[in-house]
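Me: I'm new to reading protein models. Could you take a close look at how the chain in this one packs against itself, and walk me through it slowly?

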Amino acid sequence: MRHVRLPHRSGCSGPSLLALVALPALLLSALPVCAQDGASPDSPRVRLWSFEAVSGPSFGGPADDLEAAMRLAGFDDSMSGGWFGGGTTTYPQTYDDETDRFSYWGAVRRRLGHGPWHVGIGGGPTDFGSVEGYRERVDGLYASVFVSADCRILTLAPMAWFQPVPALRLGAGPAFHRVDLELGQTYGAGTVQFRKWKPGFVVEVALTVPVDTPVFFAALAQYRWVGNATAGPWEATTYRGAQVEFPATSVSVSHTFVAIGIGGRF
């Protein structure tokens, strides 16, 4: 029987993400546009604005560090289940399938004049799934305690992009990451939460095709450096008086992200 995990709250909904990138577009519209020397009236129209919305899986993050911390804290026992004790489950377990660790990204940018440079802003949430540990006994006392950790990040990044060829775009910029890391007993209350805005940066490479249409398809890869977050400390006393503890542990939340999606030029 699958254990109940901590409630999972997404860092940002779809409508919120659209609002996130729409407001900066109004602010960026005040940027001056440099005139192109020698441009003729018959020159093709240059679309100054572009945007995209993409989604895909994330890689890296805190799962490995959380598993290692749970082993050190003693939450690495096995549990038998099913009929006649069959189907042993070994802990810690990481739940990070396609639906558990997914990321969304939206960006809006403006071309500076008619050259290869663009500026703008991007943002979106990333989920890393959850890690669950189990401890059967503490100092000889039966405890049977499950502990679960969930982590998600919301990223906001003002960026600059360089477009060496029409289909290729390179981008980088400083970023602000809101890290939410929850740790607590799978059954019952007593969750502790780490929530903090952390500085970092984002670098990306993207391919966009077709190159001269109002609508295009985008394939994107990003690396997001966030640094470390703190899980715990957490402790609880079981109904039999067993004291279980998870000490404060530093875990890495930097990660990569690959995605596909759609965008527009105007």
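**How the chain packs**

Reply: Let's begin with contacts, meaning heavy atoms within 4.5 Å. Of the contacts in the protein with a separation of 6 or more, 71% are between residues 24 or more positions apart.

A quick word on where this comes from. This is a predicted model, so local features need pLDDT of at least 70 and side-chain atom pairs count only at pLDDT 80 or more, while totals for chains, interfaces and linings use all residues. Residues are numbered from 1 along each chain as its sequence is written, and side-chain values use heavy atoms, with hydrogens and water left out.

The protein has two helices and 15 strands. Both kinds of element are DSSP runs numbered from the N terminus: helices are H or I with at least four residues, strands are E with at least two. Buried residues make up 44% of the 266 residues, where buried means under 20% relative accessible area, exposed means over 50%, and partly exposed is in between (1.4 Å probe, protein chains only).

Now go inside. In soluble globular proteins, nonpolar side chains tend to be buried together. A nonpolar core here is a set of buried Ala, Val, Leu, Ile, Met, Phe, Trp, Tyr and Cys residues joined through side-chain atoms within 4.5 Å. The largest one has 29 residues, and Phe75, Val179, Trp234, Val244 and Phe246 touch the most other members. At least two residues of this core come from each of α2 (63–72), β6 (117–138), β7 (141–165), β8 (168–185), β11 (228–231), β12 (234–237) and β13 (243–246). The largest share, six residues, comes from β7.

Phe217 still has contacts: not counting residues up to four places away in sequence, Phe217 touches Leu207, Thr208, Val209 and Gly261. Gly261 is 44 residues from Phe217 along the chain, yet their C-alpha atoms are separated by 5.9 Å.

On to the rings. A pair of aromatic rings is described by the distance of the centres and the angle of the planes. Rings of Phe, Tyr and Trp (its six-membered ring) pair if their centres lie within 6.5 Å; planes under 30 degrees apart count as stacked, over 60 as edge-to-face and the rest as tilted. That rule gives 11 aromatic pairs. The pair of Phe201 and Tyr223 is tilted because the planes are at 55°, with the centres 6.3 Å apart. Phe201 is in strand β9 and Tyr223 in strand β10, 22 residues apart, so this pair links distant parts of the chain. Phe201 is partly exposed at 35% relative accessible area, and Tyr223 is partly exposed too, at 32%. Phe201 also pairs with Trp225: these centres are 5.9 Å apart and the planes sit at 10°, so the pair is stacked. Here, again, β9 is linked to β10, with Phe201 and Trp225 24 residues apart. Trp225 is partly exposed, at 39%. Elsewhere, Trp49, Phe51 and Phe266 form one aromatic cluster.

Finally, a few backbone details. The peptide bond from Tyr91 to Pro92 is cis, with omega near 5°, and Pro92 is in the loop between β3 (89–90) and β4 (93–95). The bond from Val209 to Pro210 is cis as well, with omega near -10°, and Pro210 is in the loop between β9 (192–209) and β10. Asp139 has phi near 50°, a positive value in a residue other than glycine; Asp139 lies in the loop between β6 and β7 and is exposed, at 78%.
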